[in-house]
Every structure is written in C-alpha cells, then in structure tokens.
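I opened this model to check a few positions and one surface feature. My notes are below the display.

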Amino acid sequence: MRFDKQVRFAAIVDGHGHILEGGMREGVQPIEPLEKTPHLIAKLVSFQKAEDLADFFGKPEYSILVHEKIMAFLFRSGKKFVLVTAGRKFSVSKVARLRNLVTKKSRR
C-alpha cells in the first residue's frame with residue numbers, strides 16, 4: 001500500500017483465487033459487491049494460469065488489465081499470485097518496479 005496512494009487492493013492469492021494475505025486499503029470502498037470479490041479474483045487467476053497460451057507465448061509472468069474504473073495487475077510468484085488493483089491515475093511506468101517489489105516480498 002505504501003508503494004503508491006493509487007493502490008486500492010493488494011493481496012497474495014492462491015491458484016484458486018483465495019486471499020492468503022493482504023486486502024483493501026483502509027477507507028477505500030470496493031467497486032464490486034463484496035460477495036462477488038472471490039469469484040472475480042478466481043477469474044483473474046484462471047486467466048493468468050492459462051497454460052495453453054504458454055505453448056505459444058512462453059510462461060506468463062504478469063498481466064495488466066485496464067478498465068474504465070480500475071487497473072489490475074496480476075503477478076506470478078511460484079504457485080501463488082500477487083493481485084494489485086489501483087485507480088486509473090496509476091502510472092503504468094511504475095509496473096516494473098511494482099513487479100520487482102511484490103515478487104521479491106512474496107518469495108519470503
């Protein structure tokens with residue numbers, strides 16, 4: 001959360017999309033209904049796990065999704081994933097630094 005004030009959510013999740021550690025920034029309201037959050041995270045993880053794409057494009061490292069209201073970054077770290085969401089004002093130029101930070105911390 002200290003990385004950038006635009007970060008809304010940061011968590012380590014497993015291959016099924018279950019949050020293992022982390023969560024929403026204090027004082028930030030989720031955009032989606034809370035009961036939908038686990039399903040949405042699982043969908044993001046399943047896209048990143050798409051091994052059939054790896055045959056052609058190589059092993060996935062991270063994904064960036066840009067939507068009208070939010071940006072989402074999903075980084076692979078072994079069998080786990082780091083999911084970060086941010087406001088649309090988040091600078092995409094910071095993604096490489098964010099990737100290095102979150103994958104380094106999640107390996108501990």
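**Entry 1: the model.** I am working from a predicted model.

**Entry 2: aspartate 14.** I looked up where aspartate 14 sits. I found it in the loop between β1 (7–13) and β2 (19–24). Is aspartate 14 buried or exposed? Its relative accessible area is 18%. The cut-off for buried is under 20%, so I logged aspartate 14 as buried.

Next I asked what the side chain of aspartate 14 reaches. I noted the backbone nitrogen of histidine 16, at 2.8 Å. I then listed the contacts of aspartate 14, leaving out residues up to four places away in sequence. Leu20, Val45 and Phe81 came up.

**Entry 3: asparagine 100.** I placed asparagine 100 in helix α3, which spans residues 95–106. I read a relative accessibility of 44% for asparagine 100. Exposed needs over 50% and buried needs under 20%, so asparagine 100 goes down as partly exposed.

I also checked asparagine 100 against phenylalanine 75. They are 25 residues apart in sequence. Their C-alpha atoms lie 9.6 Å apart in space.

**Entry 4: the nonpolar patch.** Which residues form the nonpolar patch on the surface? I wrote down Phe47, Leu53, Phe56 and Phe57. Together they have about 520 Å² of accessible area. Helix α2, residues 51–57, supplies the largest share of the patch, with 3 residues.

I took phenylalanine 57 for a closer look. Phenylalanine 57 belongs to helix α2. Its relative accessible area is 68%. That is over the 50% cut-off, so I marked phenylalanine 57 as exposed.

Conventions: Residues numbered from 1 in each chain as written. Predicted model: local features only at pLDDT ≥ 70, side-chain atom pairs only at ≥ 80, totals over all residues. Heavy atoms only, no water. Helix = DSSP H or I, 4+ residues; strand = E, 2+ residues; numbered from the N terminus. Buried < 20%, exposed > 50% of the residue type's maximum accessible area, 1.4 Å probe, protein only. Polar contact = N/O pair within 3.5 Å; in protein donor to acceptor, adjacent residues only side chain to side chain. Contact = heavy atoms within 4.5 Å. Patch = residues over 30% accessible without salt bridge, like charges linked within 9 Å, V, L, I, M, F, W, Y side chains within 5 Å. Areas by Shrake-Rupley, 256 points an atom, 1.4 Å probe, with all protein chains shown as cover. Salt bridge = Lys/Arg side-chain N within 4 Å of Asp/Glu carboxyl O.
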